[in-house]
Amino acid sequence: MSLLEFRDVTRQFGGLRAIDQVSFEVRENETVGLIGPNGAGKTTLFSMASGFLAPSAGEIWFSGARIDGRPAPEICRRGLVRTFQIVRPFGEMSVLDNVMIGSFLHHRDRAEARADALAVLRRFGMAERAGQPARTLTLAGRKRLEVAKVIATRPRLLMLDEVMAGLTRVEMDEIIALIRSLRDDGVTILLVEHNMHAVMALSDRVVVIHHGRKICDAEPEVAANDPAVVEAYLGGDEE
Ligand SMILES: Nc1ncnc2c1ncn2[C@@H]1O[C@H](COP(=O)(O)OP(=O)(O)OP(=O)(O)O)[C@@H](O)[C@H]1O
């Protein structure tokens with residue numbers, strides 16, 4: 001069953017058509033990699049699905065409801081959440097308090113929200129850091145915290161924006177294992193990622209965007225050998 005669906009979505013920024021009639025779907029329990037060269041339009045697609053930007057044309061559907069143009073908090077309550085490329089935890093707040101912001105979505109009671117947030121931190125191997133200010137975490141720790149914050153909202157579909165950027169191979173493999181375990185728990189994942197090792201390791205399917213258009217939608221091995229995809233990555237951006 002299709003959980004998230006972009007139908008002929010276009011987004012114009014003044015004279016620039018950042019997204020041009022893009023259609024694709026993410027099915028329940030799938031992990032889809034959304035890839036493309038710098039400036040292709042990936043973040044713009046995320047921003048439209050999560051309620052931070054409205055499409056200029058087209059429709060976005062999530063779990064049977066039309067969500068384009070709806071406010072971000074409403075979309076989050078429906079179970080569609082995103083992380084941000086630039087990790088900005090509330091630095092002076094503790095790691096635990098950062099995660100509790102997410103768990104308050106389902107708990108009015110502070111003690112319950114705290115217990116829930118602690119369970120998420122244990123799951124993420126971060127329980128021993130619960131009391132320390134978020135700013136004291138390493139980059140890998142802040143990336144993990146970013147995912148923990150959104151997992152605390154109990155999403156049905158998680159959109160991850162470049163969670164591997166800047167990590168070492170070992171740190172990356174740890175996050176890959178964590179994302180796999182979330183998928184095994186039934187979370188559907190849409191992943192924007194430049195690192196091909198991570199994309200190939202995690203994605204059931206890959207959607208490739210180039211100059212705002214979808215140029216490929218296929219299994220990772222097929223996409224990696226598609227001439228249009230190879231050209232998009234190697235051909236430069238002189239046009
Ligand atoms: N708010 C905005 N106003 C004007 N132009 C924008 C805005 N946001 C994005 N763009 C432009 O739209 C195009 C797509 O940008 P977007 O950030 O979605 O690409 P991306 O695929 O996420 O790139 P990257 O991989 O570098 O993060 C780019 O040309 C960008 O400059």
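**Reading a predicted model by its cut-offs**

Trainee: How do you know whether Ser 63 is buried, exposed or partly exposed?

Mentor: In this predicted model, Ser 63 has 16 C-beta neighbours inside 10 Å. A buried residue needs 20 or more and an exposed one has 12 or fewer, so Ser 63 counts as partly exposed with its 16 neighbours. Ser 63 lies in the loop between β4 (57–62) and β5 (65–66), and Ser 63 has a positive phi of about 50 degrees although it is not a glycine.

Trainee: What makes Asn 29 partly exposed?

Mentor: Asn 29 has 15 other C-beta atoms within 10 Å. That value falls between the limit of 12 or fewer for exposed residues and that of 20 or more for buried ones, and therefore Asn 29 is called partly exposed.

Trainee: Turning to the whole chain, why is it called as compact as a globular protein of that length?

Mentor: The chain has 9 helices and 10 strands. Its radius of gyration is 18 Å, close to the 18 Å that the globule rule gives for 239 residues, so the description as compact as a globular protein of that length holds. Along its principal axes the C-alpha trace spans about 55 × 40 × 35 Å, and buried residues make up 41% of the 239 residues. Among the contacts with a separation of 6 or more, residues 24 or more positions apart account for 65%.

Trainee: What makes strand β8 count as largely enclosed?

Mentor: In strand β8 (residues 188–192), 5 of the 5 residues are buried, so the strand is largely enclosed by the rest of the structure. Thr 188, Leu 190 and Val 192 point one way and Ile 189 and Leu 191 the other way, and all are buried.

Trainee: How do you know that β3 and β8 pair, and in which sense do they run?

Mentor: Pairing requires at least two bridges, and strand β3 (residues 31–35) is joined to β8 over 4 bridges in the parallel sense, so the two strands do pair. Together with helix α6 (residues 169–184), β7 and β8 make a right-handed β-α-β unit.

Trainee: What makes helix α3 mostly covered?

Mentor: Of the 9 residues of helix α3 (residues 95–103), 7 are buried. Among them are Val 95, Leu 96, Val 99 and Met 100, and the buried residues of α3 pack against α4 (110–123) and α5 (139–151).

Trainee: Which residues are around the ligand, and from which elements do two or more come?

Mentor: The residues around the ligand include Phe 13, Leu 16, Asn 38, Lys 42 and Thr 43. The elements giving two or more residues to this shell are β2 (16–27) and α1 (42–49), and the largest share, 3 residues, comes from α1. By class, the shell has 4 nonpolar, 6 polar and 1 charged residues.

Terms used. Residues numbered from 1 in each chain as written. Predicted model: local features only at pLDDT ≥ 70, side-chain atom pairs only at ≥ 80, totals over all residues. Rg over C-alpha atoms; globule rule 2.2 N^0.38 Å. Contact = placed C-beta atoms within 7 Å. Near = placed C-beta within 6 Å. Nonpolar A, V, L, I, M, F, W, Y, C, P; charged D, E, K, R; others polar. Right-handed = clockwise from strand over helix to strand, strands pointing away.
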